[in-house]
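My entries follow in the order I made them.

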Amino acid sequence: MKLRSESTDESRNSFNQGTNYRAYDYLGAHEETNGGKTGIVFRTWAPNAKGVSVVGDFNEWNNEANKMTKIDGGIWETFITEPKIKEFDIYKFAIFNEGQEVVLKIDPYAFHSETRPANASKIYNIEGYKWNDKKWIDKKNKTVQYNEPMNIYEVHAGSWRRYLDDNTFSYKKMSEELIPYVKEMGYTHIELMPLTEFPYDGSWGYQVTGYFSPTSRYGEPKDFMEFVDKCHQNDISVIMDWVPSHFPRDLHGLASFDGTPCYEYEDPRKGEHKEWGTLVFDYGRDEVISFLISSAMFWLEKYHIDGIRVDAVASMLYLDYNRNDGEWIANKDGGKENLEAVSFLQKLNMAIFSKFPSAIMIAEESTSWPLVTKPVDVGGLGFNYKWNMGWMNDMLHYMSLDPLYRPYNHENITFSFVYAFSENFILPISHDEVVHGKCSLIEKMPGTYEQKFAGLKLFIAYMMSHPGKKLNFMGTEFAQFKEWDYKSSLDWMLLDYPKHLSTHKFFKDINHFYLNNKPLWNIDFSWEGFSWISNDDYKQSVISFRRIDEKGDEIIVVCNFQPVLRENYSIGVPFAGTYAEIFSTEDKEYDGNGETNGKSIKSKDEDMHGYEQSISLTLQPLSAIYLKCVRKAPKKNKTTKSKTEASKKEATKKVKTVKAKEDGAKKRSVRQRVTSQSSNKSTLKKEDKTVKKGATSKRKKA
C-alpha cells in the first residue's frame, strides 16, 4: 500500500537530494490516519535491499507478516493497522540482502529504544510535552552570547552521582539533584556527554546507534525533555555531545544496513577507523547528509537543546587521520583534506543557524585547521566555538612540571596568546584529560600534598582569567584524586575532608566571581579585552595582565607559578591611584595562609612595563591574585595644567634670556679682547715709527 501525497513526495525528493533537514518527520515510525483508518506508517531507506519487512512482538517477529513496499529513491514503506500497535511496542526492520539472508536492523530514525543489552526500537509519540521555557528562549534570542559568561560543567550522566546500590540516576532524579547543584556552583551551561542511544557503556556514548533516540538507560524521551526544560527555568543552557564522525559495527545498527555499505563509505580506506574499530559516514552521499543534519536539527527542535559539540572533527577533515601510508586515498586534488566532510560541516552549520540563530555549535578540532569559527561565506567551517586543544596541552604540560623546570618552559603559559583571538575558543579541561593513565587534574600537580591543592587553585584562577569561554569536567571542583571511571560515581565522600571541602568552596566562589565581573568574559575574542603587563619574567615564573570590558573597567591578574614567596614584586599599572586585592587563591576560606596585599595599594611614580605608574606586591607561593583600581588619583585640572605649562614656559624663557646675556657678555668680552689687542698693536707700531723717525733725524743732524 503506497501512502502517496504531494508532501510525502517532496519529503522523499529532498531527502534523496540531501536537503531534507527534518527527515525524522518522514522516515521512521509515525502514527497516521489513512483511508479512515489509524495506524503506524513505517519508512526506511535501504536502496540495495531485496526486501524489507517490519517485525516485532505485535506480529510474533514474523518476517512475512508485514512486508514493506519499495517506492522511489530507495525507500521502503508500509502502513500497519492490524494487529494493533501500541506505544512502547518494540520493532525492527528485517532486511533481505542479495543472498536472501535476513538481518534484523533497528530503525535509524526511532525516537525510543530498548535498554541495553536489548536493542530493539520502540514505538513512541514524541509530541505532547508541554514546555515551560518560553521566557528562557526569548531571553536567549535577544542576547549576544559572545559577550556573555560561559562556564560549562561537563557531565557523564551515568557516573556523576549514583544511588547507594550503585544504580544510576534517572533523568528525573538528575533534574532534582544536578540542576540545583550546577546553579549553586555558578556554572552557566551543562554539557552532556552523548545521550544518543548507544550499545556499549565503555564507549561513554561516543559509538552511537540511535541518532534520534535519547538513551533509555535513564528514562523515556519526555523525561529528558523535562530535564532540559527545568535547566532553562533555572537559567542553565544545555549542550549535548554529538557524533557524526563515525559509528560502530554492531550488527543491529547502521553498518551495512541494506546488506551493502549504505551509511558508510564503500572503500575501507575512507570508510573505517581501524584504531577505533568503527565506520566512517559517507559525507558524499546525499541521503547521509539528510540523515545527519536532521539528527542535529532534531535535538534543537524537539528537545530545545541549546547547543551541540561536534565530536572528533579532525578525524572527519583529514583523509589520513590515524592512517598509515597506503591506508588512505587522496582527494580529487591530490590532497589529504576530506572535501566532502568540509562541505557537510558547512551545510550543517548553515542549516542550524538559519533555523536557530542563537545556537551554540562547538567543534572539537585538535589541529590548526584554519577558519573553524568563521562564516562559510569567507571559507570557514561555520562553527561559532572551537575547543582550544593547544592551550590545554601546553598548560597541562606546564602545570605537571617540577617548578625547577618551569623557567625553561615559560612559553607554555604565554604562547596561547599568539593565536588566542584567531578563533572563538573554549578552554577545555574535559573528560579526556582525566582518564587512561593521564591522572586527575589535582594529581597532575607536582609537589607536596599542600602544593597540589595550591597548584590546582592557581591553575583554575589563571584559566578563569584567560580569554576564552571555560569548560571543566565534573569532579574537578572538589579535587577528586582518582581518575574518572564511567562505571562508578564520583567520590563525593571527599567533601568530608577539609582540603577538598575548601577547594569546593574555592570553585564555587571563583565561578561566581567570574559571573559578577564583566572584564573576565565581556571581550573574550579580541585584543581589546586583554593586555599584557609582563609576560617575560621567566626566571621567576610570574606573569601579569589586564582583562578589560567594553566600558573600560578592568581587572589585573598576577600569577606566581613557583613555590617561592616574592616580596616587593613590582608591576606596571595603567592608572595612578589606589589598588585593592579583590580575589586570592590564598584566602583562608580556601585553606590558604590568609596573607593579603590589602585594599590600599598605592601606585608610585615609577615607570615599569611601559606604564608611568607601578605598584609593589607580595606574591605568595603558587598563587594568583586579582587586583582592581578602586580609586584613581585626581587628574590635574586645566587651570593647574595651564599654570604649570606657563611656569615651565616662563622658566624656559628666563633660562634662554640668561643664556643669551651670558652669550652676549662672552661675545663682548671677546670683541674687547680683540679690540684691545688691535689697539696695542697700533700703538706699538706708532711708537716704533716715532723711534725710527727720531733716530733718522739724529743721524741727519750728526
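Entry 1: The model is predicted. I began with Phe298, which counts as buried at 0% relative accessibility. I then looked up Trp299 and found 0% relative accessibility there as well, so Trp299 also counts as buried. Next I checked how the two rings meet. The ring centres of Phe298 and Trp299 are 5.2 Å apart and the planes stand at 85 degrees, so I logged the pair as edge-to-face; the cut-off for that class is over 60 degrees.

**Entry 2: the whole structure.** I ran the ring search over the whole structure and got 65 aromatic pairs. I picked out Tyr181 and Trp492. Their ring centres lie 5.4 Å apart with the planes at 90 degrees, so this pair is edge-to-face. Where do Tyr181 and Trp492 sit in the chain? I found Tyr181 in helix α3 (residues 171–185) and Trp492 in the loop between β21 (469–473) and α13 (498–516). The two residues are 311 residues apart, and the pair links distant parts of the chain.

**Entry 3: charges over rings.** I looked up two arginines. Arg217 lies over the face of Phe198, and I noted 3.7 Å from the ring centre. Arg309 has its charged end over the ring of Trp387, 4.5 Å from the centre of that ring.

**Entry 4: the largest cavity.** How many cavities of 30 Å³ or more are there? I counted 3. The largest cavity holds about 110 Å³ of space. I listed 15 residues in its lining, and those nearest its centre are Ser440, Met474, Gly475, Thr476 and Gln480. By type, I sorted the lining of the largest cavity into 9 nonpolar, 4 polar and 2 charged residues.

**Entry 5: the second largest cavity.** I noted about 60 Å³ of space here. Which residues line the second largest cavity? I wrote down Arg269, Lys270, His273, Val280, Tyr283, Ser315, Met316, Tyr318, Leu319, Arg323 and Asn338. Helices α5 (268–271) and α7 (313–317) each supply at least two residues of this lining. I sorted the lining of the second largest cavity into 5 nonpolar, 3 polar and 3 charged residues.

Note on methods: Residues are numbered from 1 along each chain as its sequence is written. This is a predicted model: local features need pLDDT of at least 70, side-chain atom pairs count only at pLDDT 80 or more; totals for chains, interfaces and linings use all residues. Side-chain values use heavy atoms; hydrogens and water are left out. Rings of Phe, Tyr and Trp (its six-membered ring) pair if their centres lie within 6.5 Å; planes under 30 degrees apart count as stacked, over 60 as edge-to-face and the rest as tilted. Helices (H or I, at least four residues) and strands (E, at least two) are DSSP runs, numbered from the N terminus. Buried means under 20% relative accessible area, exposed over 50%, partly exposed in between (1.4 Å probe, protein chains only). A charge sits over a ring if NZ of Lys or CZ of Arg is within 6 Å of the ring centre and within 35 degrees of the ring normal. On a 1 Å grid over the protein atoms alone, a cavity is a set of points where a 1.4 Å probe fits but cannot get out, and a pocket is an open set with protein on both sides within 12 Å along at least five of seven lines; lining residues have an atom within 4 Å of a point. Grid points are joined across faces, edges and corners, and a volume is the space filled by probe spheres set on the points. Ala, Val, Leu, Ile, Met, Phe, Trp, Tyr, Cys and Pro count as nonpolar, Asp, Glu, Lys and Arg as charged, and the others, Gly among them, as polar.
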